[in-house]
Amino acid sequence: GYCALFTELFRLGFLDTRLSFKEARENMGKELDPSHRASQAMDWLLAGSGSVAESQPAIQALSSLLQKNLSLGPDERDLCLMQHTFNDGEEVSTLMVYGNEQGTGMAR
């Protein structure tokens with residue numbers, strides 16, 4: 001899932017303010033099999049991305065790519081789902097919130 005993907009992006013330096021985007025991509029090329037999910041995700045994010053400044057901090061470049069590629073369209077909305085269990089599963093708390101015209105479900 002996304003946790004494993006972001007763990008790998010963290011390990012490669014994409015969430016680091018000290019590495020440039022170019023350096024993080026070089027790490028990916030050296031340390032990651034092209035069939036790995038993180039490699040495939042970055043290929044998808046970079047496709048048609050236009051110009052990403054290779055010298056900017058990796059986290060800024062990644063943030064820009066995520067914002068450009070994962071923003072909701074005008075007729076789209078998100079869904080936030082969460083479930084927590086307490087007391088060895090005896091109690092369950094569930095949240096289900098849809099986004100609307102005022103904002104996303106995640107922001108509410």
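Me: Leaving aside neighbours within four places in sequence, which residues is Thr 104 in contact with?
Reply: This is a predicted model, where local features need pLDDT of at least 70, side-chain atom pairs count only at pLDDT 80 or more, and totals for chains, interfaces and linings use all residues. Residues are numbered from 1 along each chain as its sequence is written, and side-chain values use heavy atoms, with hydrogens and water left out. Contact means heavy atoms within 4.5 Å. With neighbours within four places in sequence set aside, Thr 104 touches Leu 72, Asp 78 and Gly 99.

Me: Where is Thr 104 found, and what is its relative accessibility?
Reply: Thr 104 is found in the segment after strand 2 (91-98). Strands (E, at least two residues) and helices (H or I, at least four) are DSSP runs, numbered from the N terminus. Buried means under 20% relative accessible area, exposed over 50%, and partly exposed in between (1.4 Å probe, protein chains only). Thr 104 counts as partly exposed, at 31%.

Me: How many bridges join strand 1 to strand 2?
Reply: Two strands pair if DSSP finds at least two bridges between them. Strand 1 (residues 79-86) and strand 2 run antiparallel, and the number of bridges joining them is eight.

Me: Which residue in strand 2 is the bridge partner of Cys 80?
Reply: Cys 80 counts as buried, at 9% relative accessibility. Its bridge partner in strand 2 is Val 97.

Me: Is Cys 3 buried or exposed?
Reply: The relative accessible area of Cys 3 is 67%. That makes Cys 3 exposed.

Me: Which residues of helix 4 are buried, and within what arc do they fall?
Reply: The buried residues of helix 4 (residues 58-70) are Ala 58, Ala 61, Leu 62 and Leu 65. The arc is that of the directions from the helix axis to the C-beta atoms. Seen down the axis of helix 4, the buried residues line one face, because they fall within an arc of 95°.

Me: Which helices do the buried residues of helix 4 pack against?
Reply: Helix 4 has 13 residues. Its buried residues pack against helix 1 (2-12), helix 2 (21-31) and helix 3 (37-46).

Definitions and conventions. The expected span of a helix is 1.5 Å times one less than its number of residues.
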